[in-house]
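Please load the model in your viewer and keep the selection panel at hand. The tour moves from a helix to a sheet and then to a single residue.

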Amino acid sequence: MATGMPPRQDTIKKLFENLSGAGKSIGVLTSGGDAQGMNGAVRAVVRMGIYVGAKVYFIHEGYQGMVDGAENIQEASWESVSSMLQVGGTVIGSARCKEFRLREGRLKAAENLVKLGINNLCVIGGDGSLTGANKFREEWSGLLDELLKQGAIDQEQVRANSILHIVGMVGSIDNDFCGTDMTIGTDSALHRIIEVVDAIMTTAQSHQRTFVLEVMGRHCGYLALVSALACGADWVLIPEMPPEDGWEESMCKKLSENRAEKKRLNIIIIAEGAIDCHNKAITTDYVKDLVIKRLGFDTRVTILGHVQRGGTPSAFDRILASRMGVEAVLALLEASATTPACVVSLVGNQAVRLPLMECVQMTQEVQKAMDEKNFHYAVKLRGRSFENSLITYKLLSYKRPESELPVSSFNVAVLNVGAPAAGMNAAVRSAVRVGITEGHKMFAVNDGFEGFYKGQIQEMKWGDVGGWTGLGGSLLGTKRTLPAKHADKIAEQMRKYNINALLVIGGFEAFECLLQLYELRKYHEEFCVPMVIVPATISNNVPGTDLTIGADTSLNAIVETCDRIKQSASGTKRRVFIIETMGGYCGYLASVGGLAAGADAVYIHEEPFDIRELQANVEHLTEKMKTSIQRGLILRNENCNENFTTDFIYQLYSEEGRGVFDCRKNVLGHMQQGGAPSPFDRNFGTKVAAKAMQWITKQLKDNFKQGKVFANSEDTCCLLGMRRRAMDFQPLAQLKDETDFVHRVPKEQWWLKLRPLMKILAKYKTSYDVSDSGQMEHVARIRHENDVSAM
């Protein structure tokens with residue numbers, strides 16, 4: 001589901017002929033703690049199931065509803081999952097069920113399912129819920145035999161339901177399940193935490209306060225660790241990394257040093273399951289009293305509690321849930337008698353299927369490692385995403401004394417190019433601090449290459465970038481100016497400041513700028529230095545990467561607006577909204593925003609459309625108005641068609657829908673570029689820039705000869721991008737062939753594979769490529785392969 005390969009006709013045929021759901025029944029339930037995005041997963045399962053011809057049943061109140069049966073198990077319709085996408089929690093309910101833990105309870109559940117012909121289960125929950133489902137599956141044939149003997153079911157029912165197929169999706173805000181980079185709900189929980197931290201920062205700075213925040217995570221410190229990384233917290237305490245004896249002294253020393261450097265606030269984040277190296281719990285009150293007693297700082301405690309589970313799901317969670325839900329239905333349709341229960345996971349940017357019990361066993365192994373105080377191994381088991389976050393946090397949070405820094409005579413310049421994107425400042429902070437830790441002198445260039453040739457260059461110290469992670473836009477300033485016309489002056493500034501490497505954070509213009517510098521190397525020796533791009537643009541149109549910094553924040557802005565608009569349309573009834581998004585010629589924001597917002601149609605440049613398609617969409621909406629869902633949402637990418645403008649589409653829909661629905665239009669404009677960065681963009685920017693700086697350090701060492709840096713090979717001018725499962729440094733010279741320079745987009749774009757998914761969920765008949773689906777993998781192999789996660 002995350003590849004730029006063109007659709008394979010044989011796989012499309014496979015889906016629509018061999019994978020028909022006719023005669024099949026699927027039960028969907030949510031179990032355990034609720035998590036934002038669960039409703040999106042339920043909606044995707046229901047609509048994909050109905051789309052392929054299966055019957056889909058809601059099982060209300062989790063396993064309790066399955067045991068109790070009756071009205072708790074109800075057939076779902078297309079309309080019954082409308083308006084669910086933007087709702088937090090789980091609409092079909094979740095409950096703890098002691099009865100299901102006993103065989104007698106599972107016997108009742110089996111009887112209720114068999115009587116409705118349900119032998120496909122989609123379970124959305126944590127490891128406990130999924131373990132229970134697997135046990136149920138293993139016992140299934142024995143339970144049926146027992147029911148047959150009791151006369152509760154007949155031989156025909158046993159034959160028709162002889163095998164129970166189980167597919168799991170992990171819904172958990174803690175991100176504590178091995179085998180997936182992100183669980184449904186984690187990103188939304190991070191949004192809640194960061195919203196609180198951002199609000200606290202303003203009041204804390206007013207009074208020079210220290211805040212101690214407790215976040216959820218009884219056994220897993222992911223939320224605490226990633227939120228600490230996202231807000232630049234002074235100290236973090238998590239179960240997987242208990243502090244050594246004397247940590248109190250170290251923490252107070254750091255807080256004191258930060259305050260001495262005119263930092264007006266201190267933030268300490270604690271996971272609720274934080275422990276010291278003797279397995280003793282570390283509480284917020286203990287930390288608060290410690291800071292007051294030793295430092296005399298005005299210190300307050302905030303316990304976030306269930307706020308983290310609440311609120312509307314983020315764009316990331318809606319997209320993740322929708323992708324996972326569709327994949328879960330495909331897995332159920334493809335399941336055979338020998339297929340093990342599987343869990344649908346996210347690795348990098350790709351949906352994969354993993355044996356459920358392999359994931360559960362590894363998750364349990366983490367707790368075992370922690371019980372045995374083998375914390376290093378526990379961190380490894382958590383996966384590369386967790387481990388990289390921990391490494392990056394340690395790199396950025398502690399300012400080492402100059403005497404401890406490696407000796408380096410290298411100067412590295414950092415600049416922003418192109419349009420501003422949320423997360424750029426987090427990337428600059430990360431680059432500056434990692435560079436200083438590596439021993440380099442770090443220089444910031446204001447206003448891109450325009451500022452470069454004008455000499456707007458200054459050295460950046462550790463404290464100069466404090467508090468930058470949560471700030472939107474570009475604090476360095478950014479311009480679209482290309483360097484070729486000013487090559488002589490830029491070369492002169494590089495000589496003047498002895499710049500030995502360049503880190504450019506930006507979008508398509510950044511790509512063009514470094515390509516020009518690379519091609520100018522033959523005329524200017526000053527450009528024969530390591531150069532790397534960290535892609536940052538809301539449009540997500542940079543070759544060589546699936547995702548760019550800033551796109552997630554922009555998607556959230558689009559989705560929040562669409563939610564409000566849909567609410568308005570629901571109130572007035574029979575109303576269709578036409579929304580114009582940014583993105584240039586790239587339809588990423590419109591398409592993925594449409595998937596996250598539940599749009600009825602999305603117009604983009606990459607998929608040409610004509611008046612007949614517009615007419616078909618109007619007719620589709622006319623039919624929709626006859627149902628209980630009397631509203632419509634249409635997204636249009638700004639450059640999708642020069643003649644079919646937003647005004648034209650608005651007027652066409654208004655005229656053709658006259659008497660059936662009325663229309664409104666909304667151009668979102670630059671609000672998509674503004675705002676505080678999302679947790680995803682803060683962490684993506686932080687981790688990618690840190691990796692880029694480490695690459696620069698290696699290149700500087702490898703290309704330092706006869707007292708100077710000389711790097712002119714193509715692999716010394718790269719872009720660092722996420723492709724499917726890995727973060728790769730790709731030479732710009734090679735990416736040139738993958739680029740459509742006229743429309744400023746990559747020639748192949750992975751997200752186009754999500755377009756049919758969006759159409760299916762909006763009730764359009766379409767072809768859906770499943771060439772990436774149906775491959776069961778193993779957790780151990782995933783763990784070694786997985787070299788990426790923005791979160």
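The stops below say what to select and what is found there.

This is a predicted model, in which local features need pLDDT of at least 70 and side-chain atom pairs count only at pLDDT 80 or more, while totals for chains, interfaces and linings use all residues. Residues are numbered from 1 along each chain as its sequence is written, and side-chain values use heavy atoms, with hydrogens and water left out.

Select residues 315-334 to begin, which form helix α11 (helices are DSSP runs of H or I with at least four residues, strands runs of E with at least two, numbered from the N terminus). From first C-alpha to last, the 20 residues of α11 reach 29 Å, close to the 28 Å expected at 1.5 Å a residue (the expected span being 1.5 Å times one less than the number of residues). Because 19 of its 20 residues are buried (under 20% relative accessible area, with a 1.4 Å probe and protein chains only), α11 is largely enclosed by the rest of the structure.

Next, select the open sheet of 4 strands, ordered β7-β8-β6-β9 with parallel pairing (two strands pair if DSSP finds at least two bridges between them). Its edge strands, each pairing on one side only, are β7 (235-237) and β9 (299-303). Strand β6 (residues 210-215) runs parallel to β9 and is joined to it by 5 bridges; Val212 has Val301 in β9 as its bridge partner.

Finally, select Gly40 in helix α2 (residues 38-51), which counts as buried at 1% relative accessibility. Leaving aside neighbours within four places in sequence, Gly40 is in contact with Leu85, Ala321 and Ser322 (heavy atoms within 4.5 Å).

Conventions: Buried < 20%, exposed > 50% of the residue type's maximum accessible area, 1.4 Å probe, protein only.
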